[in-house]
Amino acid sequence: VAGPARDEVVVLVGPANVGKSALFGALTGRYATVSNYPGTTVDVSAARATIGGHALTVLDTPGTTSLVPLSDEERVTRDVVLEGRLRAAAVVADAKDLRRGVALAFQLAELGLPFAVCANMMDEAEDDGATPDLELLAFRLGVEVVPTVATRGAGIPAARAALARARTSALSLAYPPPVEAAVASLLPYMPKGQAAARGLALMALGADDLDWLWPRLSERGRAHVEAARADLARAMAEPAACAIAHARLAEAERLVREAAPPPRAPRAERWRAVEALTIHPLWGYPILAAVLAAVYWFVAALGAGVLVDLLEEGLFGGYVSPLAIRLAEAWVPWAWARDLLVGPFGIVTMALAYALALILPIVSTFFVAFAVLEDSGYLPRLAVLANRALRAIGLNGKAVLPMVLGLGCGTMATLTTRVLETRKERTIAVLLLALGVPCSAQLAVVMVLLSALPAAATFLWAAVVAASILAVGWLAARLVPGEGSDLVIELPPLRWPAPGNVLNKTLGRVEWYLAEAVPIFVAGTVILFAADRVGALAALARAGEPLVSGLLGLPPAAATAFVAGFLRRDFGAAGLFRLSEQGQLDPVQTLVATVVVTLFVPCFASFLMIGRERGWRAAFAVLGLVTAFALGTGAALRAALAAAA
Amino acid sequence: MSCRCPLCGAGIGAGGVAGCAGCPVAWSCDLLSCPRCGYAFPRRSRLVAWAKRLLHRAPVLAPAPATLDDVASGTTCVVAAIAGDPALRVKLAHLGLREGASVRVDQRRPAVVVRAGATRFALEPKVARRVAVQAAGGG
């Protein structure tokens, strides 16, 4: 047997929420986000795995129901599958509901690509009394079908073996006669490669846009494709895309009915009742409030309270910083280098203390809470409940994922705006994340700042921030060109999150945080240190003085805090915290400053992420808009408070 | 049959939305289009329906459901036609919402929750109104 070419890949494909990422983790031993929210994998994860005695690259793709893409995510999957270096595709299907997986298998069969099917979440199918007859399914599909429970690692050796033996399927569906005629006419013009002409011709007829195929066709081929599409549109009442998808799904349904008995005991009644309550028009909202309160309590009390005290005052204040100062004084002869390490803008005393002692415990507890929410299947229900409110600001319920994630980390949330369907929605979500959604680190410091003031101040702060989000969102919904989309979202069953998965996912995200944020903290501190040395901070504070003291009525030193706020949002809030501790801020000034720093520009990391995701023009536009809006709101609030006093 | 065309008198049921295929504003439109004469007219006034319910405490007549948005929760119906762009229709088809499919409505607000086979999903009322249905069992 010849070994595989070096760059061959194994690709996992399947609908959203069937456990592709869990299977990816089980196959490769590596972490990829496993969760119970349709559409969590937005990037293709890659890792090495041993399959059939060879080390191969395994790719985990975003949720896909069809290789004729309807979204950017499905486009990614299609590109990966058709790249031409596919050793095997693993169709990951939900064992309780094999229909969509089977329809995807039909497409791979038509494309003549080697594949095997993993009927995942077999345990849930068995619980439902709907154990499918996988032998019959394998016989009909002409490829291997293996049962797996990826979250527990069951069936993984069998899946590995099946992938090593993956073969093409001879199965061929019959489409309506006009479609078949059009396919036959296109066969000679399809590009030669790994993918078979019949599958590509069906794609050429059923795709909305031909972005993949077009550059690979000859002049004559393009003319034929256009003619065939036009003929087909005339010959059939239904659009070709619908006719092809319907034929495939109808056949998949027929096959699945044959292979899988209808669920005997769908799910325990009390689960059904709980599931219904979570989206109940009345009870859904108190449950939502309770869930959010529990998350907030967990993050604020445990993360921001107990753990921060333990790490910041205990570990850093008691041991790390004194030790670092003693070492620096003993071993570093130059005063400037000592300051760089352990001074007020020192790498150890500021950057590491912030990153590891203040922010890490908060984001870690948030990641735990978020992982539990994801794996439980509650997030799509949150989307249903939040839909109405989000419609008002040009988004739909799906935007609840980036928005809630934004309360953890805006940078990460900006990345997940990709789950939104249209450009307009992504732009609005990114803008609102940058403007008004405070990240967990910032929120913690803001809460501490506000806790020194009467409770009314906290309400006022929340009201101003919420009103800003609503006002800007409402305006953006009307001003940003493009269209929104309607909410159509699958509701996966509620499940108990598996502690192993929650831990695995949390660790993965914490690793991501450390790799992403710590270098920026260090770099930000070095920049602050250098700026402080050459007097730039003082100069900037002087330059900002008319704005900060004139417009906002704050002490000039607050300008330094706002500059720091760009390097890391919470740097800014923490700077204000120090000013208030020193008694330089009166209550009105504290409130104005807190509102401004909350609304103020996103941190450096999320600025970079906005640039990456939405382009640099958008990033600078967001930066300018948010700065102006924050200062304007601050000035208005100051005037209002002065008038009230 | 859920209503008659006010212009030509043709009975309009599920097929009433067929005239909307290819219409660029069909996605945000509450009008029905008569399949025979093409006359477009409002589906019904929600205000009037509400006022009638308020006055009579019960629907004046129990109309057969016209769209998925009218189906009472807990009942099963058969999908007759779906209006909208092909991308939306293909997406709904993958969830199990296709012409001829029998689906159950679990809940109507804040979103229409539909069960098709083992798949459960939520639709915005606006989307549900584009799905014409008939009562199950040929009623």
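Predicted model: local features only at pLDDT ≥ 70, side-chain atom pairs only at ≥ 80, totals over all residues.
Biologist: In what order do the six strands of the open sheet lie, and which strands are at its edges?

Modeller: The pairing in this open sheet of chain A is mixed, and neighbouring strands are turned by 25° against each other on average, direction ignored. The six strands follow the order β2-β3-β1-β4-β5-β6. Since an edge strand pairs on one side only, the edges are β2 (45–51) and β6 (145–147) of chain A.

Biologist: How many bridges join β2(A) to β3(A), and do these strands run parallel or antiparallel?

Modeller: Strand β3 of chain A covers residues 54–60, and its His54(A) stands opposite Ile51(A). The two strands are joined by seven bridges, and their direction is antiparallel.

Biologist: Which strands does helix α1 of chain A touch where it packs on the sheet, and what angle does its direction make with that of β2(A)?

Modeller: Helix α1(A), residues 20–28, touches β1 (9–13), β2, β3, β4 (86–94) and β5 (115–120) of chain A. Its direction makes an angle with that of β2(A) of about 50°.

Biologist: Which strands does helix α6 of chain A touch, and what is the corresponding angle with β2(A)?

Modeller: Helix α6(A), residues 156–164, also packs on the sheet, where it touches β1, β2, β4, β5 and β6 of chain A. The angle between the direction of α6(A) and that of β2(A) is about 90°.

Biologist: Are α1(A) and α6(A) oblique or roughly perpendicular to each other?

Modeller: The axes of α1(A) and α6(A) lie 10 Å apart, and the helices pack at an angle of about 85°. Angles of 65 to 115 degrees count as roughly perpendicular. The contact brings Leu23(A), Ala26(A) and Leu27(A) of α1(A) together with Ile156(A), Arg160(A) and Leu163(A) of α6(A), and by class these are five nonpolar residues, no polar ones and one charged residue. The two helices are therefore roughly perpendicular.

Biologist: How do α26(A) and α27(A) lie relative to each other, and what is the handedness of their crossing?

Modeller: The axes of α26(A), residues 604–614, and α27(A), residues 616–644, come within 7 Å and cross at roughly 140°. Because only angles over 145 degrees count as roughly antiparallel, the pair is oblique. The crossing is right-handed.

Biologist: Which residues of α26(A) and α27(A) meet, and how do they divide by class?

Modeller: From α26(A) come Phe607(A), Leu608(A), Ile610(A), Gly611(A), Arg612(A) and Arg614(A). They meet Trp616(A), Ala618(A), Ala619(A), Phe620(A), Val622(A) and Leu623(A) of α27(A). The residues of this contact divide into nine nonpolar, one polar and two charged.

Definitions and conventions:
Residues numbered from 1 in each chain as written. Chains lettered and ligands numbered in written order. Heavy atoms only, no water. Axes fitted to C-alpha atoms, helices over the stretch in contact; angles between N-to-C directions. Helix = DSSP H or I, 4+ residues; strand = E, 2+ residues; numbered from the N terminus. Parallel < 35°, antiparallel > 145°, perpendicular 65-115°, else oblique. Left-handed = near helix turned anticlockwise from the far one by under 90°. Contact = heavy atoms within 4.5 Å. Nonpolar A, V, L, I, M, F, W, Y, C, P; charged D, E, K, R; others polar. Pairing = 2+ DSSP bridges.
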